[in-house]
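Hi,

Here is the structure I said I would pass on. Have a look at it first, and then read my notes below.

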Amino acid sequence: MSTKNRTGYVYSDDILKYRFNNEHPFNQMRLKLTTELLLDAQFLTKENILEPRIATDDEIGLIHKYDYIQAIKHASHGILSAEEAKKYGFNEDTVPFRHMHQHCARIVGGALNLADKIMDGTYTNGCHLGGGLHHALAGRANGFCIYNDVAITAQYLVNRYNQRVMIIDTDAHHGDGTQWSFYTSNEVLTYSIHETGKFLFPGSGHYTERGEDIGYGYTVNVPLEPYTEDESFLESFKSTVEPVIAAFKPDIILSVNGVDIHYRDPLTHMSCTLSSLYHLPYMLKDLAEKYTENKIIMFGGGGYNLWRVVPRAWSHLYLSLINEPIQQGYLPLNWINKWKHYSSVTLPKRWEDRLNDYTYIPRTAEISEKNARISNLVASWYDLSN
């Protein structure tokens with residue numbers, strides 16, 4: 001079986017129904033655009049697409065509280081009171097929408113479908129770009145996220161398949177929901193590299209957050225300075241993630257691949273380019289090859305520059321898994337022609353980043369030095385040669 005046929009890609013148009021409103025920055029059209037780009041470039045075939053199912057309440061309950069699940073069902077039908085809505089985390093950022101429970105449970109079910117297919121050997125690895133809802137808490141909606149499909153999948157793999165699971169989160173926002181889900185557990189290790197919470201939601205993810213009780217040491221945070229650029233981001237990631245994975249020895253990796261570290265992202269303050277976002281999945285794939293017999297599920301996550309960043313960046317998650325190289329040259333013309341009338345900006349014509357609007361950072365050395373200091377400290381806690 002070819003490499004391509006051993007990689008699953010979770011998708012159905014129904015996933016696009018996870019949608020708060022037309023003006024909301026979290027827009028699953030980015031998933032449609034990425035999928036169409038992969039199809040038009042002839043990398044993705046219909047045979048690789050895995051349709052999601054609806055997760056059961058018991059599966060969602062691996063992480064989420066029963067009363068919260070019931071509240072989501074009530075909100076789905078517009079019968080959640082304003083007082084309860086506030087209690088369960090709904091606000092102007094995360095608002096209830098019609099049939100919310102079903103659409104959220106489908107995202108969870110897609111992740112569990114893929115996990116089952118990897119564990120039974122149908123696939124070696126795969127990606128679920130419609131998932132990665134890493135902010136959702138056990139009993140509260142949070143940060144555009146309702147059900148935490150990443151945490152549920154991790155606990156599912158522990159319970160059903162006795163797996164040691166490592167979550168690697170490179171989204172610009174700290175993966176708080178997954179962290180708190182396993183803060184007192186030694187069965188799942190959570191690693192998050194992100195923009196410091198000093199100026200960015202959710203405000204957590206300090207390097208001193210390391211877990212509690214038997215979970216101490218199983219939470220790893222690498223907070224980076226605002227305006228971190230490519231070289232410092234990749235070096236901080238590389239220097240910290242390998243000592244952690246070598247010490248923990250996971251059976252499978254779940255990665256959250258938000259692409260909001262890009263300098264064009266409207267919600268964050270990082271200064272990375274597509275270069276980082278292209279290289280990260282290949283680094284993750286190499287880690288999976290070295291430590292987990294290639295078993296990895298790559299989730300989506302944040303990324304709010306819908307047209308110019310997300311499709312090209314997320315495409316490389318799938319490309320890395322099927323052993324295709326980083327792309328150069330022109331994007332498929334039929335993809336551009338299909339979407340240019342819908343786009344609010346001029347669509348990119350090439351895979352490469354045009355840096356005509358990039359602002360060069362005067363404090364690069366200072367930012368990089370601060371990042372290196374934190375990264376070296378974190379790495380020292382897991383260096384087995386010490």
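Let me start in a loop: P202 sits between β5 and β6 (219-224), where helices (H or I, at least four residues) and strands (E, at least two) are DSSP runs numbered from the N terminus. The peptide bond leading from F201 into P202 is cis, with omega near 0 degrees. As background, most peptide bonds are trans, and most residues other than glycine have a negative phi.

Before you go further, please keep in mind that this is a predicted model, in which local features need pLDDT of at least 70 and side-chain atom pairs count only at pLDDT 80 or more, while totals for chains, interfaces and linings use all residues. Residues are numbered from 1 along each chain as its sequence is written, and side-chain values use heavy atoms, with hydrogens and water left out.

On the annotation side, an unreviewed UniProt entry places the feature "domain: Histone deacetylase" at residues 24-317. UniProt positions are in the numbering used here, feature names are shortened, and annotations may be inferred rather than shown by experiment. Over residues 24-317 the chain is 40% helix and 12% strand, with the end C-alpha atoms 25 Å apart.

H135 belongs to the loop between β3 and α6, and it counts as buried because its relative accessibility is 5% (buried is under 20% relative accessible area, exposed over 50%, partly exposed in between, with a 1.4 Å probe and protein chains only). The side chains of H135 and H134 are joined by a polar contact of 3.3 Å. A polar contact here is a pair of N or O atoms within 3.5 Å; within protein, one must be able to donate a hydrogen and the other to accept it, and residues adjacent in sequence count only if both atoms are side-chain atoms.

H174 turns up again in the contacts of S192, along with D169, G175, V220, N221 and V222, again not counting residues up to four places away in sequence. S192 is in strand β5 (residues 188-195) and is buried, at 5% relative accessibility. Its side chain makes a 2.8 Å polar contact with the side chain of H194.

Two residues have backbone angles to look at. F144, in the loop between β3 (125-128) and α6 (149-161), has a positive phi of about 75 degrees although it is not a glycine. N294 also has a positive phi, near 75 degrees, and is found in the loop between α9 (274-291) and β8 (296-299). Which of the two is buried, and which is partly exposed? F144 is buried at 12% relative accessibility, whereas N294 is partly exposed at 22%.

F144 also links to D93, which touches F144 and H24, not counting residues up to four places away in sequence. D93 lies in the loop between α4 (82-87) and α5 (100-119) and counts as partly exposed, at 39% relative accessibility.

Finally, the helix packing. Helix α1 (residues 29-40) packs against helix α10 (residues 310-321) at about 60 degrees, with the axes 9 Å apart. Axes are lines fitted to C-alpha atoms, for helices over the stretch in contact, and angles run from 0 to 180 degrees between N-to-C directions. That makes α1 oblique to α10 (under 35 degrees is roughly parallel, over 145 roughly antiparallel, 65 to 115 roughly perpendicular, and the rest oblique). Residues in this contact include L33, T34 and L37 of α1 and W314, S315 and Y318 of α10.

The other pair is α8 (residues 230-248) and α12 (residues 364-380), at about 5 degrees with axes 9 Å apart, and therefore roughly parallel. There, S232, S236, S239, T240 and P243 of α8 meet S368, N371, S375, V378 and A379 of α12.

Cheers

Terms used:
Contact = heavy atoms within 4.5 Å.
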